[in-house]
Amino acid sequence: MTVTQIWIMDDGPDITRAAAELVASLSREPVMARGRFNFALSGGGTPVPLYRLLGSPAYALALPWERTHFFWCDERCVPPDHAESSYGQARATLLQPIDAAASHVHRIRGELDPTAAAVDYTTTLRLHADEGLPWPQIDLAILGLGADGHTASLFPQTTLEPEDPNVPARAVTGDYDNRPSQRVTLMPTVFRTARHLVFLVTGANKADALAATLEGPHDPARWPAQRLQPEGGTVTWIVDRAAGARLQAIRRGAPTTSPLRGA
Ligand code: 6PG
């Protein structure tokens, strides 16, 4: 079973603060239990203020940075210093400010062709596997939602079937918002073994996709985020009012703090 909670926030700064506090609180238990915090990042514009806040002095002592291992939910196949590189974005906003140890930064090598990069990342994930799994158990993944419903680089109607439960990363061809279309993505099988997923969703252009994903019929080929249900884990959606405007729970005037719905 997966616990789902939805937090509706007034604006971007509220989302950033709430997400940063959640990251800090979720980072402690894994370090106590296993000595490290496996933190998976996404690209896109929405998480940038979060990365900047986490990289600021205010959070220097709030997180166990020396015990944090960074992974990526997906990557665009561009070199690391390209403006569209998700790793490059995280490096500038978070990894450099906190002086993350290179040995803890496990990036997807977007400079390779997508198939080679997916194979390379599968090897990386195996090298850092947790006991009983062929990949690291992700303690927390930050995810976004596209207006078309994609998350990570799991695009609607993309042929990813059959999903091989032993293959954690795949090359995909996406076509979204004029962004580079060659990508590598973690597969749902990895997210299903995660402890906590946090989706950050803002803007009226995502209201339909958010409502369909959370409250529409089960149709994961159309709404890929429906596939990301960690077994025994939690999914927290932190969304602004514009993105949440079409959620039934909000229209009924339900409380605007978590949880609005359990699944
Ligand atoms: C990416 C991510 C993608 C992203 C969504 C939302 O690197 O772009 O793979 O899944 O999270 O497209 O992007 P925005 O935050 O820019 O809206």
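Aspartate 139 is buried, at a relative accessible area of 2%; buried here means under 20% relative accessible area, exposed over 50% and partly exposed in between, with a 1.4 Å probe and protein chains only. The model is a predicted one, in which local features need pLDDT of at least 70 and side-chain atom pairs count only at pLDDT 80 or more, while totals for chains, interfaces and linings use all residues. Residues are numbered from 1 along each chain as its sequence is written, and side-chain values use heavy atoms, with hydrogens and water left out.

Aspartate 139 sits in the loop between helix 4 and strand 5. Helices (H or I, at least four residues) and strands (E, at least two) are DSSP runs, numbered from the N terminus. The side chain of aspartate 139 makes a polar contact of 2.4 Å with that of arginine 34. A polar contact is a pair of N or O atoms within 3.5 Å; within protein, one must be able to donate a hydrogen and the other to accept it, and residues adjacent in sequence count only if both atoms are side-chain atoms. At 2.7 Å, the aspartate 139 side chain also reaches the backbone nitrogen of asparagine 38. Leaving aside residues up to four places away in sequence, aspartate 139 touches Pro30, Arg34, Arg36, Phe37, Asn38, Arg195 and His196, where contact means heavy atoms within 4.5 Å.

Proline 136 belongs to the loop between helix 4 and strand 5, and proline 136 is buried at 1% relative accessibility. With residues up to four places away in sequence again set aside, its contacts include Arg36, Asn38 and Phe71. Arginine 126 is 10 residues from proline 136 in sequence, and their C-alpha atoms are 7.4 Å apart in space.

Asparagine 38 leads on to strand 2. All of Phe37, Phe39 and Leu41, pointing one way from strand 2, and Asn38 and Ala40, pointing the other way, are buried. With 5 of the 5 residues of strand 2 (residues 37-41) buried, this strand is largely enclosed by the rest of the structure. Strand 2 pairs in the parallel sense with strand 3 (residues 68-72) over 5 bridges, and phenylalanine 37 stands opposite threonine 68 of strand 3. Two strands pair if DSSP finds at least two bridges between them. Strand 2 also runs parallel to strand 5 (residues 140-143), joined to it by 2 bridges; alanine 40 has alanine 141 of strand 5 as its bridge partner.

These strands belong to an open sheet of 6 strands in the order 1-9-8-5-2-3, with parallel pairing. Strand 1 and strand 3 are at the edges with a single partner strand each, so one side of each has no neighbour in the sheet. On average, neighbouring strands of this sheet are turned by 20° against each other, direction ignored. Axes are lines fitted to C-alpha atoms, for helices over the stretch in contact, and angles run from 0 to 180 degrees between N-to-C directions. Strand 1 and strand 9 run parallel and are joined by 7 bridges, with glutamine 5 opposite threonine 236 of strand 9.

Helices accompany this sheet. Helix 3 (residues 86-98) lies across strand 2 and strand 3, at about 165° to strand 3. Helix 6 (residues 207-215) has 7 of its 9 residues buried, so helix 6 is largely enclosed by the rest of the structure. Its buried residues are covered by elements including strand 1 (3-9), strand 8 (196-201) and strand 9 (234-240).

A second open sheet has 3 strands in the order 4-7-6, with antiparallel pairing. Strand 4 (74-76) and strand 6 (169-173) are its edges, each with a single partner strand, so one side of each is left without a neighbour in the sheet. Strand 4 pairs with strand 7 (residues 182-186) in the antiparallel sense over 3 bridges, and aspartate 74 has threonine 185 of strand 7 as its bridge partner. Helix 4 (residues 114-127) packs on this sheet, touching strand 6 and strand 7, and its direction makes about 160° with that of strand 6.

Finally, the ligand. Of the 16 residues around the ligand, Thr46, Asp74, His150, Ala152 and Lys206 come nearest; a residue is near a molecule or strand if one of its heavy atoms lies within 4 Å of it. Threonine 46 has a polar side-chain atom 2.5 Å from a ligand oxygen atom. For arginine 76, a side-chain N or O atom is 2.8 Å from an oxygen atom of the ligand, and for arginine 183 a polar side-chain atom lies 3.3 Å from an oxygen atom of the ligand.
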